[in-house]
Amino acid sequence: MASNVYRPFFFTGLHILGWLLLGFIMLFYIPLTWNVILPSVFWLWQIIILILLIGIFYINAKIIVPKTIIKNNTTPFLVWAFLSVFIMQLIAYFYTSQTDLHTKVSLVLGFKKYRNPYFDNYVLMLTLLVLGISTSWAMLQHWQKAAQHKQKLEQDKTVAELAMLKAQINPHFFFNSLNSIYSLTYTNIEDSRNALHTLSRMMRYLLYSTEERTTLLKEADFMRDFIALMKLRANKKLTITTEIPEKIHDYPIVPMLLLPLVENAFKHGIHATDKSEIYISLKQDGSNLEFEVENTYFEKTSTTNEGGIGLTNTKRRLHLIYPHKHSLKAGVAENGKYNIKLQINLE
């Protein structure tokens, strides 16, 4: 937060330092190098050039480049660059012709040189240099803003996907869970109470603990609750095996990252009449997390080898939030089951 506050002052300071450095070179390079005393017209001319260059720099960066090059319209920019060079040469001609600047400086330095009275190479070089740096700076700013805008859109998209994911889970999952709990009230009052408590805990987590960041411990607890409630709805032909350790080293994690992989297994790995198996494993080595979900593969009920929408959204979120820190593999394994293996560094 503090860096963002001081950022504008930092760049302003860099600009001031840059112009002071250029001014120092323009004003004092010749006197210090040749150890001479130059006439007052030299100092005045260098100050005039510096002021004109500052004006060209910011007019070009703030007005010309955004309205020309950035909008893919280079012809007006070339016209502006030509006019800048022409006007600077015109000012140089009038000033040097009125003050005889070059002759006076040549006499002080002790040599004579050929000079075209209508063209000043020194002014041309400075003008082109300033135009080039100014254009590069303006384009760099534009690319940075575009990148930040793209990142902001991606973040907003991720937040929207999380909200959509929560909305998808809420109505169908909770409605079916309530029906299952309602059925339990006729057979086992204690189990129905525990299930209802689990459901309320999950609702509280979804409402208050999944805004931006959560912890691995909370996500694991939520996943256990989800599996417990899914068992209530499962038929006798489904076998669920879980290996989620009780003791977990807590690390920050984006919410609802692991659940879509589990939900995908329950959605596509269960058959109404055939035997089904679901295996869920969570292993941790410091900040390195390995999460694996495997389920029976049914061709008619499965979507594709790439998984469903939940898996696609998970891939996108991982790419955005954990770039170069994760590995996600999904597909039909050698044993004929659909396997998803996620490795991620949460540090």
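Trainee: What percentage of the 347 residues of the chain count as buried?

Mentor: Of the 347 residues, 37% count as buried, where buried means under 20% relative accessible area with a 1.4 Å probe and protein chains only. This is a predicted model, in which local features need pLDDT of at least 70, side-chain atom pairs count only at pLDDT 80 or more, and totals for chains, interfaces and linings use all residues. Residues are numbered from 1 along each chain as its sequence is written, and side-chain values use heavy atoms, with hydrogens and water left out.

Trainee: How many helices and strands does the chain have?

Mentor: The chain has 9 helices and 7 strands. These are DSSP runs numbered from the N terminus, with helices being H or I of at least four residues and strands E of at least two.

Trainee: Which residues touch the most other members of the largest nonpolar core?

Mentor: They are V262, F266, I280 and F291, in a core of 44 residues. Helix α7 (residues 216-233) gives the most to this core, with 8 residues. Such a core is a set of buried Ala, Val, Leu, Ile, Met, Phe, Trp, Tyr and Cys residues joined through side-chain atoms within 4.5 Å. A second, separate core of 32 residues includes W19, M26, F77 and M139.

Trainee: And what does F291 touch?

Mentor: Not counting residues up to four places away in sequence, F291 touches M223, L258, L261, V262, I280, S281, L282, I340, K341 and L342. Contact here means heavy atoms within 4.5 Å.

Trainee: Is helix α8 mostly covered or mostly open?

Mentor: Helix α8 (residues 259-268) is mostly covered, as 8 of its 10 residues are buried. Among them are L261, V262 and F266.

Trainee: Changing topic, at what angle do α2 and α4 pack?

Mentor: Helix α2 (residues 40-67) and helix α4 (residues 101-109) pack at about 125°, with axes 9 Å apart. Axes are lines fitted to C-alpha atoms, for helices over the stretch in contact, and angles run from 0 to 180 degrees between N-to-C directions.

Trainee: Which residues meet there?

Mentor: V41, F42 and W45 in α2 meet L101, K104 and V105 in α4.

Trainee: Lastly, is T127 buried or exposed?

Mentor: T127 is buried, with a relative accessible area of 0%. This residue lies in helix α5 (residues 121-187). Leaving aside neighbours within four places in sequence, T127 is in contact with L53, I56, S84, V85 and M88.

Terms used:
Buried < 20%, exposed > 50% of the residue type's maximum accessible area, 1.4 Å probe, protein only.
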